[in-house]
Amino acid sequence: METYQAADGWDALGEPSRRAILACLAERPRAVGELADELPISRPAVSQHLKVLKDAGLVTDRAAGTRRVYRLNPAGVAALRDQLETFWNRALDGYQDVAGQPTEEK
């Protein structure tokens, strides 16, 4: 299994169609055709976006007969969530440091 690359995940989410695909996959696993039916993009475009998301470690796929079914990769999504939590905690710590400093009275 390929390891998750943090920067790739954030880069992949920078494209609105990929975020829409992830939102669909958060509901349930789907094949390319099902995703294309839900979104205003073609099947080839969905396939290209899924490749980027898979390379970034955010989705996985499995064969189901003649089609591939895609689902969220919990490890990839968890890694992004952990990074966001780290950013958020640092921001809160920084705010607390500034808010806790005495103000100058004039």
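The structure is a predicted model, and its chain has a mean pLDDT of 88, with 92% of the residues at 70 or more. Three strands make up an open sheet in the order E1-E3-E2, with antiparallel pairing, while the largest nonpolar core holds 18 residues, to which the helices H2, H3 and H4 each give two or more.

**Confidence**

- Among the elements of the chain, the lowest mean pLDDT, 73, belongs to helix H1 (residues 6–12), whereas the highest, 98, belongs to strand E1.
- Where pLDDT is low, the predicted coordinates should not be read in detail.

**The sheet**

- E2 and E3 form a hairpin with two residues between them, and in its turn Gly65 takes a positive phi of about 70°.

**The nonpolar core**

- Of the 18 residues in the largest nonpolar core, those that touch the most other members are Ile21, Leu25, Leu35, Val46, Leu50, Leu53 and Leu58.
- The elements that contribute two or more residues to this core are helix H2 (16–27), helix H3 (32–38) and helix H4 (43–55), and the largest share, four residues, comes from H2.
- Leu25, once its neighbours within four places in sequence are left aside, is in contact with Arg30, Leu35, Leu50, Val59, Tyr70, Arg71 and Leu72.
- As general background, nonpolar side chains in soluble globular proteins tend to be buried together.

**Helix H2**

- H2 has 12 residues and reaches 17 Å from its first C-alpha to its last, which is close to the 16 Å expected at 1.5 Å a residue.
- The buried residues of H2 are Ser17, Arg18, Ile21, Leu22, Cys24 and Leu25, and because these fall within an arc of 160° when seen down the helix axis, they line one face of H2.
- Pro16, Ala26 and Glu27 are exposed on the other side of H2.

- H4 has 13 residues, and the 18 Å from its first C-alpha to its last is close to the 18 Å expected at 1.5 Å a residue.
- Ala45, Val46, His49, Leu50 and Leu53 are the buried residues of H4, and they lie within an arc of 135° as seen down the axis of H4, so they line one face of the helix.
- On the other side of H4, the exposed residues are Pro44, Gln48 and Lys51.

- Asn73 is found in the loop between E3 and helix H5 (74–99), and because its relative accessibility is 9%, under the 20% limit, Asn73 counts as buried.
- Although Asn73 and Leu53 are 20 residues apart along the chain, their C-alpha atoms are separated by 9.7 Å.
- Val98 has its place in helix H5, and because its relative accessible area is 57%, over the 50% limit, Val98 is exposed.
- Val98 and Gln83 are 15 residues apart along the chain, and their C-alpha atoms are separated by 23 Å.

Terms used
Residues are numbered from 1 along each chain as its sequence is written. This is a predicted model: local features need pLDDT of at least 70, side-chain atom pairs count only at pLDDT 80 or more; totals for chains, interfaces and linings use all residues. Side-chain values use heavy atoms; hydrogens and water are left out. Two strands pair if DSSP finds at least two bridges between them. pLDDT is the predictor's confidence in each residue, from 0 to 100. A nonpolar core is a set of buried Ala, Val, Leu, Ile, Met, Phe, Trp, Tyr and Cys residues joined through side-chain atoms within 4.5 Å. Buried means under 20% relative accessible area, exposed over 50%, partly exposed in between (1.4 Å probe, protein chains only). Contact means heavy atoms within 4.5 Å. The expected span of a helix is 1.5 Å times one less than its number of residues. The arc is that of the directions from the helix axis to the C-beta atoms.
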